[in-house]
Amino acid sequence: MIANYHTHTWRCMHAQGEEREYVEKAIEGGLKILGFSDHTPMPYPDGYRSPSKMRLDQLEGYVDTVLRLKEEYKKDIEIHLGLEVEYYPAYFGKLMQIIGQYPIEYFLLGQHFLGNEIHDCLSPEPTDDPVRLERYCRQTIEALETGCFTYFAHPDILHFTGDRAVYRKWNYWLCCRAKELEVPLELNFLGIWDHRFYPNPEFWKIAGEVGNTVVFGADAHLPEKVWNPQALAAAQEMVNKNHLTVTETVEFRNPGNRRRS
């Protein structure tokens, strides 16, 4: 593993450590590329503040910090500036206008909530409701179809406990659309080391059948987790079992819907 594009900062309110610590740990672990992709702020209506995303007034500081580290460590590691973004139809247009003011290189799709977050469902919350599963797949496919997302982080985060045929039906469609759109799917290391319900073997069996491209993502919320050999070994085992194809690096699709190297 030479690259990790899924790295958070203290601004999301559920990560620890300073940005420099993540960079130092990445270098120590032998990474050649480190991408910061903290949870994007959203232009929510007045009176609402998300408990797990940076605020709009923190975005400039985030950008400045990452760019300074990019310059400072340019001889040691390649650093990139991204965001992990929820696709909320009500706010996405306004978000794009805001992000356009900054040199953001890439978006990762991480759909932790359905709808527009406010008064709606949390994706990791267990559910046997097929409507919720369908909503998740339709919403994330719509996101991928914008062309703005470099890869799909923890695509198996919707915790469906109902009919397995229904689970397969909707996730097969999701995997097929991701492949058609050439968007890699992330095998998430946080889920592995924290013993979460994802990565879901059932999902990755489907991805193997479809032939999706896979990227490894640390989803680091602690500096020491930016490089995790144990999680890497478990992810590689899942890749081998399902005959998945791994890409070590990704081609950025920036928020302006243009590809760049």
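Predicted model: local features only at pLDDT ≥ 70, side-chain atom pairs only at ≥ 80, totals over all residues.
User: Which residues of H4 and H5 meet?

Analyst: Contact takes heavy atoms within 4.5 Å. On the H4 side, Leu133, Tyr136 and Ile141 are among them, and on the H5 side the residues include Val166, Trp170 and Leu174. The residues of this contact split into twelve nonpolar, two polar and three charged. Here Ala, Val, Leu, Ile, Met, Phe, Trp, Tyr, Cys and Pro count as nonpolar, Asp, Glu, Lys and Arg as charged, and the others, Gly among them, as polar.

User: How many aromatic pairs are there?

Analyst: The count is 16 aromatic pairs. Rings of Phe, Tyr and Trp (its six-membered ring) pair if their centres lie within 6.5 Å; planes under 30 degrees apart are stacked, over 60 edge-to-face, and the rest tilted. Take tyrosine 5 and phenylalanine 252: the centres are 5.8 Å apart and the planes make 85°, an edge-to-face pair. They sit 247 residues apart, with tyrosine 5 in the loop between strand E1 (3-4) and helix H1 (19-28), and phenylalanine 252 in strand E9 (residues 252-254).

User: What makes tyrosine 5 count as buried? And what makes phenylalanine 252 buried?

Analyst: Tyrosine 5 is at 2% relative accessibility, so it counts as buried. Phenylalanine 252 has a relative accessible area of 3%, so it is buried as well. Phenylalanine 203 and tryptophan 204 also form an edge-to-face pair, at 5.0 Å centre to centre with 75° between the planes. There is a cluster too: Tyr44, Tyr48, Tyr88 and Tyr91 form one aromatic cluster.

User: Where does the charged end of lysine 225 sit?

Analyst: Over the ring of tryptophan 193, 4.3 Å from its centre. The rule asks for NZ of Lys or CZ of Arg within 6 Å of the ring centre and within 35 degrees of the ring normal. Arginine 164 likewise lies over the face of tyrosine 167, at 4.7 Å from the ring centre.

User: What does asparagine 228 touch?

Analyst: Leaving out residues up to four places away in sequence, asparagine 228 touches Phe189 and Trp193. Asparagine 228 is in the loop between strand E7 (213-217) and helix H8 (229-242), and at 6% relative accessibility it counts as buried.

User: Why does cysteine 12 count as buried?

Analyst: Cysteine 12 has a relative accessible area of 0%, so it is buried. Its place is the loop between E1 and H1, and the residues it touches, not counting those up to four places away in sequence, include Asp38, His39 and His221.

User: What is the phi of histidine 154?

Analyst: Phi is near 30° for histidine 154, a positive value in a residue other than glycine. Histidine 154 lies in the loop between strand E5 (149-152) and H5, and is buried at a relative accessible area of 1%. Histidine 243 also has a positive phi, about 55°, but its relative accessible area is 69%, so this one is exposed.

User: Which peptide bond is cis?

Analyst: The one from tyrosine 198 to proline 199, with omega near 0°. Proline 199 is in the loop between helix H6 (189-193) and helix H7 (201-210). Glycine 191, in helix H6, touches Arg196, Tyr198 and Pro199, again not counting residues up to four places away in sequence.

Technical notes. Residues numbered from 1 in each chain as written. Heavy atoms only, no water. Helix = DSSP H or I, 4+ residues; strand = E, 2+ residues; numbered from the N terminus. Buried < 20%, exposed > 50% of the residue type's maximum accessible area, 1.4 Å probe, protein only.
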